[in-house]
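Trainee: I have a new structure to read. Can we go through what its labels rest on?

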Amino acid sequence: MLIDSLEGRGLVARTRSPRDRRNHELRLTDAGHTTMGALRGIAEAHEHELFASLDDEERRLLQGILAKLAADFGLDAEVHPGYSERG
């Protein structure tokens, strides 16, 4: 249902996998890339506002705690690659 909605809005394209015809592959369209860029900007602005009162050490500490919690709950660190390097 989510993919159908994204496809209907022209944000993703679904094609039959050439390696396994039982599966479909998804890719972002140009409009999808544009939308992701806009959302990334919104998220970064929100993050900046949310953490504005924290100094660098407090941010590192919070990121470490959140990374530990994410690992404890089996959340995929690859979803946001490079997050821990941002400051």
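Trainee: What makes the contact of Arg14 and Glu7 a salt bridge?

Mentor: This is a predicted model, so the distance is computed from it. The side chains of Arg14 and Glu7 come to 2.7 Å, N to O. The cut-off is within 4 Å, so the pair counts as a salt bridge.

Trainee: Why is Arg14 called partly exposed?

Mentor: The relative accessibility of Arg14 is 29%. Buried means under 20% and exposed means over 50%, so a value in between is called partly exposed. Glu7, at 33%, is partly exposed because of that rule as well.

Trainee: Which residues are linked with this pair in a network?

Mentor: Asp4, Glu7 and Arg14 are linked in a network of salt bridges. The whole structure has six salt bridges.

Trainee: What makes Glu25 and Arg19 a salt bridge?

Mentor: Their side chains meet at 2.7 Å, N to O. That is within 4 Å, so the label holds.

Trainee: Exposed or partly exposed: what are Glu25 and Arg19?

Mentor: Glu25 has 27% relative accessibility and counts as partly exposed. Arg19 has 70%, which is over 50%, so Arg19 counts as exposed.

Trainee: How do you know that Arg22 forms a salt bridge with Asp20?

Mentor: The closest N and O atoms of Arg22 and Asp20 are 2.9 Å apart. The limit is 4 Å, so they qualify. Arg22 is exposed because its relative accessibility, 72%, is over 50%.

Trainee: Let's turn to the nonpolar patch. Which residues form it?

Mentor: Leu61, Ile65, Leu66, Leu69, Phe73 and Leu75 form it on the surface. Together they have about 630 Å² of accessible area.

Trainee: Now the whole chain. In what order do its elements run?

Mentor: From the N terminus on, they run α-β-β-α-α. That is three helices and two strands.

Trainee: Why is the chain called more spread out than a compact globule?

Mentor: Its radius of gyration is 18 Å. The globule rule gives 12 Å for 87 residues. The chain is well over that, so it is more spread out than a compact globule. The C-alpha trace spans about 50 × 30 × 20 Å along its principal axes.

Trainee: How much of the chain counts as buried?

Mentor: Of the 87 residues, 10% count as buried.

Note on methods. Residues numbered from 1 in each chain as written. Predicted model: local features only at pLDDT ≥ 70, side-chain atom pairs only at ≥ 80, totals over all residues. Heavy atoms only, no water. Patch = residues over 30% accessible without salt bridge, like charges linked within 9 Å, V, L, I, M, F, W, Y side chains within 5 Å. Areas by Shrake-Rupley, 256 points an atom, 1.4 Å probe, with all protein chains shown as cover. Helix = DSSP H or I, 4+ residues; strand = E, 2+ residues; numbered from the N terminus. Rg over C-alpha atoms; globule rule 2.2 N^0.38 Å. Buried < 20%, exposed > 50% of the residue type's maximum accessible area, 1.4 Å probe, protein only.
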